[in-house]
Structure formats: C-alpha cells, structure tokens
Amino acid sequence: MPFFELYNYWIFILLMMIGLYTIIASPNLVKKIIGLSVFQTAIFLFFISLSKVAEGTVPVTVPPAEVYSNPLPHALVLTAIVVSVSTMAVALAILMNIKQAYGTVEEDEVDQAEAH
Amino acid sequence: MAFVLVIPIIGALCIALLRRRPDYRDAASVITAVCLFGAVLSLIAQLGVKPFQAWVLFELLPGLRLAFSLEPLGMLFALLASGLWVVTSIYAIGYMRAHHEEHQTRFYVCFALTIAAAMGIAFADNLLTLFIFYEVMTLATYPLVTHHGTERAVMAGRLYLGYLFATSIGLLLFAIIWTWTLTSSLDFRSGGILAGKAENPTLLILLALYAFGIGKAALMPFHRWLPAAMVAPAPVSALLHAVAVVKAGVFCVMKVVLYVFGIDLLHDTGLSVWLMYVAAATIVIASLIALAQDDLKARLAYSTVSQLSYIILGAALANAAGVLGGSMHILMHAFGKITLFFCAGAIAVASHKTKVSEMAHIGRQMPITMSAFLIGSLSIIGLPPLGGSWSKWYLILGAVDAAQMPLVAVLLVSSLLSIAYLLPVVGRAFFASGPEQSHGHEIHEAPLPCVLPLCVTSAGCLFLFFFAGEVYEFLAPLVQR
Amino acid sequence: MIRNHLPALIVIVPLLVALVMPVLGRGDKPWLLATLASWASFAMTIVLQVQVSGLLRNPAATPAIISYPIGNWQVPWGIEFRVDALNAFILLVVAMISAVVTFYARLSVAHAIPPERVRFFYSAWLLFISGLLGVTMSGDVFNVYVLIEISALASYTLVAMGRYQNRKALQGSINYLVLGTIGAGFFLIGVGYLYSVTGTLNMADLSTRLEPLHDNRAVITAFAFLLVGLSVKMALFPLHGWLPDAHGYAPPIVSALLSGVAIKVGAYIMFRLAFTVLGVEFTFAKLPTGPVIWLFATLAILVGSYTAIQQTSLKRLLAYSSVAQIGYIALGFSLANENGLTGALVHIFNHALMKSGLFLVAGIIAYRLGESEIGALAGLGRKMPFTMAALTAGGLGLIGVPLTSGFVSKWYLVSGAIDRGLFPLAFVVLVGSMLAVIYVWKVVEIVYFRPASDSAAKVTEAPWSLVFPAWILVGASLYFGIDASLSSGLAQEAARFLLSQS
C-alpha cells in the first residue's frame, strides 16, 4: 500500500512534531534546544530519504552498477548539519550567559526573576 | 509668484534669528507682513493675463507636481490672509507684550510659517499641492494652539491635531487618491475634472469624503477642534481661527466644488443637496450652542462654526448666486470675526475678563472697543450698512434659485440667532444696570497696538459694504462658462 | 577585473574582514575596518544598480540581468548570484543602511559593549551584513537558506550582546533563536519539497520547471511551508512574537539594522518566490494567497500600531511600529498590481531609512541617558534639539505626512488598493497612519512639553559623530519625500519587472 511505502515521510513528520512539541511544552531551556535539534534532524532525514533512488546503489562509480542514488541531498544535508551545529553552539552560549545572569535555565524562573 | 512663498519663510528665519532683540524681531514680523501683502497685490496685475502658466516647483511623484497658479478665488484668499496678517501682527505685538507672554519668538515664527502655508493653499494648482500645504498648516499652527504649554493647552492640542489629522488622512487623502485613480489628474480646472469619470453613487461618496475630510471647514460633526483651540492666545484665535485656518478649510471646499466637481456637474445631478442640509444643520445647531456659552471666545468660536457653514452652503448650492455669495462671505466674515476676536482679546488684556456675564459696564470703560464689537456683530448678523449683508443677500438669492425654500428660512433664522448671541454682549456692555464690577482696579482701553487694528478692521466691515460691487466683479469669472 | 566579480566581492569583502577581526586588538581598529568594508560594499552596490537599472541609463531602457556563476560552475548545476531590477534595489537599501549605521557605531558600541568584546561584536556585525547581502543576491534557494542562517546566527549573537545594558536581551535572543530556527527549518522543508518535484535548486530553472506543475500537491505544500517560514523571518503577524523583545533589548544599532533591513530581506525573498519562482498565476490566481495575506497584513497594521501606542519603552514602541510597517509591505505584496508592488518596494526603502534613523536616535538617547524609557525623554526638546528634531522628523515619516517619504509609500499603496477595488484595505492603510499619529505624538508631547526630569537635567547634545549619521538617514527620508523620482522610479521599475516575469 502506498500509505506504508511512504514511511519515511511519516517518520519525518512524527519527529518534527516531537521536536516542536518539546520546544513549546518544555519549561527547561536546554530541553527546548534539544527539541530544536530533534526538529532539525527530522528535516535532515526528510532530505536524505529523498535521495534514495529505487534500486540505486551508492553514488560512487563502481561498474557494473547503472543506477545510483542521488548524492546532492547528502551534500545539502551536510551543509544543513553544519548550520544546525552552529545554531546549537550559539544557543548553548546564550544559555550559559542566562545561567550566569539569572542562576537558572528554567524558563518560568527566569520570567519570575524579570517580573520583580 | 515665488516671492509669495519665499517672503514669509525668510521672514520666519529672520524672526528666529532676532530672538534676542524683541523690538527688531517684532519689527521684522510687521515688515514681512507688509512685504507679503505688497507681493500679493502685485500679482493682481497678472490675473487677467491669459493663458497663465502654472508655475511648477518640482515633481513629487511621476505625474504629480507641486504647482501654483492664479485664479480669482485664490487671489481673494491670499489678499485676505496677507492683508489681515499685517493688522494682526500689530495687534499681536500689543497683546503679547501686555500679557507678558513667554515664547514670543516661537509664536511669531509659527505665525509666519502658517501664513506661508496659507499662501501655498491659496495658489495651489492641484489637489496634491493643496493637501501638502494643508498639512503643513496644521503642523505650523500646532505650536500656536499649545502656546501656553498648560495641561489644558496640551489637551486642546491633541484634540486639534486628532480631528485635523484624522479627517485629512482618513477622508481627504482617500478622496484625493481615489480622484487620481479615476481621472489620472489632480489639477484644478474650470468646469471640474470628474465629469463623466464615475457613476453617481461614487461621486456622492467622493463629495462626502471631501466635505468631511476638509476638517478645517468645521462641518459638523467634525467641529470640536475649533472651540478647543480657543485656549490659544487671542491673536492666534483672531487670525488663525477666524481667518487663516478656517478660511483655508472653506476655501478648499469651494475650490473642490468649483474645480474638481464643477458646478454644472453638481447642479445637474443634484449630488450636493445633502450637503446643503448638513451645512444648514451646522448653521443652526452651532448658533444654538453659541447661545449657551458664557465664555466670550467660546461663543465666538461656535459662531465661527456656524458662519463657516454659510460658505459651505453657498458652495453646495452649486449655482452662480450661491457660489458668489459664499465666496464673498469668506471676505465679509473674516473682517467681522477678526474684529470680534480682537475685541475679546482687548477686553481680556485690559480687564482680565473673559466671561460675558462679567462684562457689564465695559462699554463705558472701553467705548472704542465695544463700538467696534457692535460693528463686527452687525456684519456677522448681516445687517446693512455692513459688508455681511451683501454675502447673506446672495446666499438667500442662491437658495431661492435652487428652489430650496427651507434653506432661505434657515438663513433668516440664523440671523435671528446671531442677534441673540451677539447683541446681548453689546447691550450688557453699554446699558447694563447694576453695580460696577471693577475688581478693584481701573479699566481703560487696551494699549494702542491692540485698539488700532480693531478700528481698522471694523472700518473695513463698513467699507466692504460699499466695495461689495467690486468684489462681485472680481469673483464673477468663477461662475462664467 | 573587479567589475566582473562585483556580485561576489560585495559579499566576500565584509566576510573576510569579519574573519580577520578577532585577531585585532582593542581600540578603534575594528570599527575602522568595519566601516571601510561596509562602505566598500555600498559603493559596489551602487555600481551594480547603475549597471542593472534601465532607468539610470540614457535613454531609458529595460533593466538588465547580471548572472554570476560562483566558481565558474555553470547553472543550473552551480550556484549563481543573479542581480536584476528587484535585487539591485534591495541591495542598495541594505548596503546603504549598513554603511551609515556602521559609521555611527563607534561611540555607541564603545559605550554599550565591554572593550574586550568589541572586536567580536564587529566580527558578528560584518557577518550579519554579508549574510544579508548574500541572501539578496543569491539565485539558488538552498544558498538562500544557508545565507539566511549565517545572518541569523550573527544576529542572535548581536542581540544577546545587549545583555551588557539589559539582561532581558538574553531572553529576547534565545526566543529569537528558537523561532528563527523553526522558521528557517520550515523554509528548508519547502526547499526540500520543491527539490523533490523538480530536481533543481536554481531559481530561474525552478521557475521553468514549475510551470506545468501548478496542480501538484507537493508544490502547494512547499509554498505553504516557504510562506510560513518567511513570515517568521519577516515578522508578519501572527509570527511576529520574537520581534518586540529582540529589537527592544538589543543594542540600538543592532535594532537599527534588524528593523530596518533584516526583516525587509525576508520580505524580499517572499517577493522573489511568489513572482519569479512560482509565478503570479500560481500564487495569486490558483491559491488564495492574496486574501490570506490581506488578512494578516491588516491585523499586523492594526494590532502592531495599537500595541505600539501602549508601550513605555521607546525601542519597544519602534519595534511594534516595525510590525505594523511590515504589514504595509505585505499588503502591497498581496495586491499584486503595479501600484501595490511599487508601494511595497518603495516602502522597503523608505521605512529602512526612517526606522534605522529612529533607532539611531534611540541609541543617542541611550548613550546620553543610559535608558530609553519614554518617560525619561521628558524635556529633552531643549537639551538635545538636533536629536529630538530627528526624532520628530522620523516620526512624521512614520505617520506619512506629505513631504516625508512615508507619504510616497502610502500614496502608492492606497492607489494600488483602489485599483483593485479593495476600498476597505485602502482605508486600513490610512487608519494605520492615524494610529501612528497617536504613538508618535505621545513621544513628541513628552519630549517638548514636559519639564526635564532630574536625570535629564544635566544632559547636553550628543557628539556629532552620533547625531550626523542619524540626520543623514532622517534627512534622506525627508529628501526622498520631496523628490521621490529616484526611489519610486527604481521601485516602479522593479515592480514592472516582477509582473512581467510571469
């Protein structure tokens, strides 16, 4: 059934939703960033899953193979992973500063500290 | 033509630079006014020259230019504003010094800028130029309205700005852009530019947008800013709210009726009948409110609201007599009302009294002022031998021509009402019985710089009665085919 | 030789200088280098504009398109920088504002950032600028994503640097980071769907291949994701939640560039996708993009302006005002006719000038007073006349008083709405102006009519190196309100070009 053949898209959507949910629902800022990471990973999986060609082999020219998988999305994902890692780094740096400034990384405690 | 705009601006600069020397500064103010009046007079000669080229300043947007041209109505307004500026400058000097007002330099600078804006409005060749200078005038008069800087003045300033910006941005600008999309032109042309460009319902809505959008014409219900602005010093009220600001408003209405819609279009389609009745309602209601005011300036303010609608009524009648009557009233009312405001200011300076109920016996103490007040009142009421009678006559004629008999009744009733709110002031001043209320100090006439202008303007009211024929001839080209 | 490589140089020069920056010591060297780099880019964008625009040639001609394949890899397999009438205009805006604000930055940064961090600030600053310039020029959708993220990461850092003045900047920054990354993620998903259907990432190639695919559900989904992602970047209501905190607590020059330029670049990508890549027929005829965006734009204008009225901090007031102004741009976009698009594009130019100028004024106030609460501005009209005059002039521009550039944008937007017969939308634009009167006048009244508070009593006018750039921007906004032929001419050329492509 085509429904189950598209399992890669389902996984992608599921992971994306898990990531978004974590971002929204989690009170701890570090967990939010983890959720962000899961969200971005879901997108990477989406891209990679696009690259698989039916009955295609690894995109390295090894005769007698005729059909190869698409290498371009892999290159795109590598770039995107770099972006994601940099984003995580900046986010964690900001979180360290928040910890320094407020003494906590729980979002409600930070809000409370500001409300005074 | 360029002089007309440049002179007041240079004057404003000179006044600003001379702020440390009050005498030179005030002299600069008067000299600028006289120069401007001279410049405007010199333009009359060019009025008859055909064809007159529009003088283009620059192009704002592709197809939209800042341009100026001469025509009779604009000429009238410019002469009026510049001429009365001379008189008001002298009055202002007297008033501001007697009252020891602060920020006098700012006052004179903004005055000059306002008159510059008035010149821009008077000679505007298209709606965009008109709109630009209309907004500039609002901004230039704001510091004048909030001059005293008190809580009340700031509140009044908010009302002023709120009403004027809301109507000009929300309604007038809308109408202007809509007109542009309909006709690809914003120029003022004889016979109007809208004929045949849109359906009647659209034109009706456009007319409403223009009439209510020109908030300076104080058509009800957008009149509230006028009484609020009375918190300003008397010279401000005199020139701006009896002459420059409000006259700019009704001038714009008249120009839109004459040159954007065209009287023929309005006459044939009957599009402006509703406007006649809104104006009529304003006339009556404002007069009634004026009756109830004890503060003299407030009473005069509502009287202005009422009188402005005479001019709008004349425009809405869309026939020769109505338009000419309305245009003449611009002139007549200006002289009458400025006299009244000058008197109110003089009374305030000399006796510190602002309420009508306190003004018993003032006539004996300030006979010249109150006589001038009487003359001004008679002109507003519309009795001969004062100028106001002629404009009223033509308006009634216009109403008859348009077969709108209820409007004739309204005009006559409003005369009665104006008698009721103006003459008692005079009566109380001269003929009141009862003890003197002198608050413990002697009351004399106000200083000479205050008294002289009001004599001049009241004499003007008388003079205009005899001069009305020339005014009529001057304005006649407005309604010629 | 430089002429041939202009598109690449515009992005590379600030990028390289940014990389060099951290090894420099303290003192003014970082500022000087940053200023030189940004001015170099500005000069190059002027040359590009002249090369591309048909208007500036004599006699007037149709606009040219400059295609620059990076590394000489030919399209559609390589990445290209493609400059046409639309981007040349936006590039000009970005580079111009960056150049002026960088010049202003010397004293403001020295005041707000500790000396050992200054060189890192300028490094991030130049990365931000080069990222924005690259986004505007790129002709490849994935490259756009990468450059968006470069500029975004730099901007998260820059916003967080506001912590030295107010620690709320950290929260603002982390919120901005999370929302911005989600937005960029959605954009990436959209790119993925487009790739899965067409097999290409080059914009020109995409537009050819997408023509027969208007009914394809993947394409429609792609457009939806792209639109949402860009709305986050653009701060279009209701995805504007990150903007007030980020722009409100960041150092003033960062806010100037964010509000004035960064969100406009997001809007530019939306224009590019809707008109060039997907085509007017798909975006507006097949999908109800127009009505949807009208709704959000209207809400942006009304809610943004209304919330601005209630703010007590000058920077937050300006931030909410930006939300409303983006609403105008989105409104022009959704009208999809010549006047509407011209209005949106010229407003990108005009608002960039006004809002950056206003934020620079806020920076001057912060420099002198140490805070930017509106209440603290009482009585400054006499103490800092030039600065407050700039504030008033910029405020009048936001209102759209004639003879300011704001009037020009409003004129085109209202004409565009009336051309489509959408009178309520025209009225909304004017209502926005009226609401702006309220929040601008609130500030003006306090500045000129209230007596000076104790903290303001000893204040004098700010140093000219701060006041002069603010006046350049505000003065330019007045100039282009009086003679709008250049700005509106270029905007109109870009609008016509966009409409002729589909």
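1. The model is predicted: local features need pLDDT of at least 70 and side-chain atom pairs count only at pLDDT 80 or more, while totals for chains, interfaces and linings use all residues. Residues are numbered from 1 along each chain as its sequence is written, and chains are lettered from A and ligands numbered from 1 in the order in which they are written.

2. Chain A holds 5 helices and 0 strands, where helices (H or I, at least four residues) and strands (E, at least two) are DSSP runs numbered from the N terminus. With a radius of gyration of 20 Å, well over the 13 Å that the globule rule gives for 116 residues, chain A is more spread out than a compact globule. That radius is taken over C-alpha atoms, and the rule is 2.2 Å times the number of residues to the power 0.38. The C-alpha trace of chain A spans about 70 × 30 × 10 Å along its principal axes.

3. Among the 2 pairs of chains that touch, chains A and C have the most contacts; two residues are in contact if their C-beta atoms, placed from the backbone, lie within 7 Å. Chain A gives 24 residues to this contact and chain C gives 24 residues. On the side of chain A that touches chain C, α3 (29-51), α4 (72-102) and α5 (107-115) each supply at least two residues, and α4(A) has the largest share, 12 residues.

4. Chains A and B are joined by no contact, and their closest C-alpha atoms lie 33 Å apart.
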